[in-house]
Amino acid sequence: MEFRLDSNVKPREAILETMKQLTVNALWDEEAQVWVADSEDVPGLSTEASTLELLTQKLMVMIPELLENLPSDAFIHLEARRDLQLVA
């Protein structure tokens, strides 16, 4: 069986480059025990949730509500950071 790469098919990276990426930053708040998210790409976005899964669900609802002209090819790039103290 022979496979050929269709020259009309773009690699995933090339497809993502043409889409509208909305970067959301999430940081773990140890004291409050929640993920806190904001974004320079989405004015007014500020939310929190106890898990990344719940945070993702909230973002999927909130971002379209906050952006009037959301491109149909927009996607969320979620960058989550949590610093963990190691115990020796």
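Author: Let us start with burial: a residue counts as buried when its relative accessible area is under 20%, and as exposed when that area is over 50%. Please bear in mind that this is a predicted model. By that cut-off, buried residues make up 20% of the 88 residues in the protein.

Reader: Which secondary structure elements does the protein have, and in what pattern do they follow along the sequence?

Author: The protein has two helices and four strands. Along the sequence they follow the pattern α-β-β-β-α-β.

Reader: In what sense do E1 and E2 pair, parallel or antiparallel?

Author: E1 and E2 pair in the antiparallel sense, over five bridges. They form a hairpin with four residues between them, and Gln 33 in the turn has a positive phi of about 60°. One of the pairs to locate is Asp 29 with its bridge partner Val 34 in E2. E2 and E3 also run antiparallel, joined by four bridges; Val 36 has Glu 48 in E3 as its bridge partner.

Reader: And in what sense do E1 and E4 pair?

Author: The pairing of E1 and E4 is parallel and extends over seven bridges. Leu 22 stands opposite Ile 76 in E4.

Reader: How many residues does the largest nonpolar core have, and which of them have the most contacts inside it?

Author: A nonpolar core is read as a set of buried nonpolar residues joined through their side chains. The largest one here has 13 residues, and those with the most contacts inside it are Val 24, Val 42, Leu 45, Leu 55, Leu 59 and Ile 63. The elements that give two or more residues to this core are E1, E2 and H2. E1 gives the most, with four residues. Leu 59 shows how such a residue is placed: leaving aside neighbours within four places in sequence, Leu 59 is in contact with Val 24, Leu 45, Thr 47, Pro 64, Ile 76 and Leu 78.

Reader: Is Trp 28 buried or exposed?

Author: Trp 28 is found in strand E1 (residues 21-29). Its relative accessible area is 16%, so Trp 28 is buried. Apart from neighbours within four places in sequence, Trp 28 is in contact with Gln 33, Val 34, Trp 35, Ser 50, Arg 81 and Arg 82. The side chains of Trp 28 and Glu 30 are joined by a polar contact of 2.9 Å.

Reader: Where is the place of Ser 39, and what does its side chain reach at 2.5 Å?

Author: Ser 39 is in the loop between E2 and E3. Because its relative accessible area is 10%, Ser 39 counts as buried. The side chain of Ser 39 reaches the backbone oxygen of Thr 23 at 2.5 Å. Leaving aside neighbours within four places in sequence, Ser 39 is in contact with Thr 23, Val 24 and Leu 45.

Reader: How many salt bridges does a search of the whole structure find?

Author: The search finds one salt bridge. Asp 83 forms a salt bridge with Arg 81, and the closest N and O atoms are 2.8 Å apart. Asp 83 has a relative accessible area of 56% and is therefore exposed.

Terms used: Residues are numbered from 1 along each chain as its sequence is written. This is a predicted model: local features need pLDDT of at least 70, side-chain atom pairs count only at pLDDT 80 or more; totals for chains, interfaces and linings use all residues. Side-chain values use heavy atoms; hydrogens and water are left out. Buried means under 20% relative accessible area, exposed over 50%, partly exposed in between (1.4 Å probe, protein chains only). Contact means heavy atoms within 4.5 Å. A polar contact is a pair of N or O atoms within 3.5 Å; within protein, one must be able to donate a hydrogen and the other to accept it, and residues adjacent in sequence count only if both atoms are side-chain atoms. Two strands pair if DSSP finds at least two bridges between them. A salt bridge is a side-chain nitrogen of Lys or Arg within 4 Å of a carboxyl oxygen of Asp or Glu. A nonpolar core is a set of buried Ala, Val, Leu, Ile, Met, Phe, Trp, Tyr and Cys residues joined through side-chain atoms within 4.5 Å.
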